[in-house]
Amino acid sequence: MSPVYDSNNIFAKILRGEAPCTRVYEDEVALAFMDIMPRAEGHLLVIPKAPARNILDLAPAALARFMPSVQKVAIAAKAAMAADGLSIMQFNESAGGQVVFHLHFHILPRWTGVELRPPGGPIEKSGKLAANAAKIAAALKES
Ligand code: AMP
């Protein structure tokens, strides 16, 4: 049997306003906020508002409505952070590297010759997260 969606996961709490986040962007189907343990400068997450554990259980029509928001945030993040490129990562189930069980896409600005930091911390200073969020939000407003 497939694992079920647990509405007490941290991203569901963020969506309900029960947990804080450094918000970057929101539309009808998506919310984007800074990753608290960034693996790159400007690392953020885009999540669907629809409850889905990962990419395996979101209805195809909902996935189709959501992906343009991922693209929109990715384009803005690359411009705002003056990145050379982007890595977009998405993990499914523990064996696939997933830790938080609400579907999310990592947007990781990349620069030539700069490696990603290892996963798992440290937690970034809130002022740094807010500064990068403001830069990316400003680029989104221009898009
Ligand atoms: P994964 O499930 O492996 O894709 O990783 C979950 C990601 O969520 C990690 O990069 C964490 O740093 C990040 N994360 C966990 N809790 C929070 C939170 N409260 N706010 C922002 N990012 C978070």
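**Around the ligand**

Let's start with the shell around the ligand: α1 (10–15) and β2 (30–34) each supply at least two of its residues. Here helices (H or I, at least four residues) and strands (E, at least two) are DSSP runs, numbered from the N terminus. The biggest giver is α1, with three residues. Keep in mind that this is a predicted model, where local features need pLDDT of at least 70, side-chain atom pairs count only at pLDDT 80 or more, and totals for chains, interfaces and linings use all residues. Residues are numbered from 1 along each chain as its sequence is written, and side-chain values use heavy atoms, leaving out hydrogens and water.

How many residues surround the ligand? There are 16, and the closest are Asp35, Gly97, Val99, His104 and His106. To be counted as near, a residue needs a heavy atom within 4 Å of the molecule. The shell splits into 11 nonpolar residues, four polar and one charged.

Now for some individual distances. A polar side-chain atom of His104 is 2.5 Å from an oxygen atom of the ligand. A polar backbone atom of Gly97 lies 2.7 Å from a ligand oxygen atom, and one of Ile36 lies 3.3 Å from a ligand nitrogen atom.

Finally, look for rings: the whole structure has two aromatic pairs (Phe, Tyr or Trp rings, the six-membered one for Trp, with centres within 6.5 Å). Phe11 and Phe33 make an edge-to-face pair (planes over 60 degrees apart), at 5.3 Å centre to centre and 75 degrees. This pair links distant parts of the chain, with Phe11 in helix α1 and Phe33 in strand β2, 22 residues apart.

Note on methods
A polar contact is a pair of N or O atoms within 3.5 Å; within protein, one must be able to donate a hydrogen and the other to accept it, and residues adjacent in sequence count only if both atoms are side-chain atoms. Ala, Val, Leu, Ile, Met, Phe, Trp, Tyr, Cys and Pro count as nonpolar, Asp, Glu, Lys and Arg as charged, and the others, Gly among them, as polar. Rings of Phe, Tyr and Trp (its six-membered ring) pair if their centres lie within 6.5 Å; planes under 30 degrees apart count as stacked, over 60 as edge-to-face and the rest as tilted.
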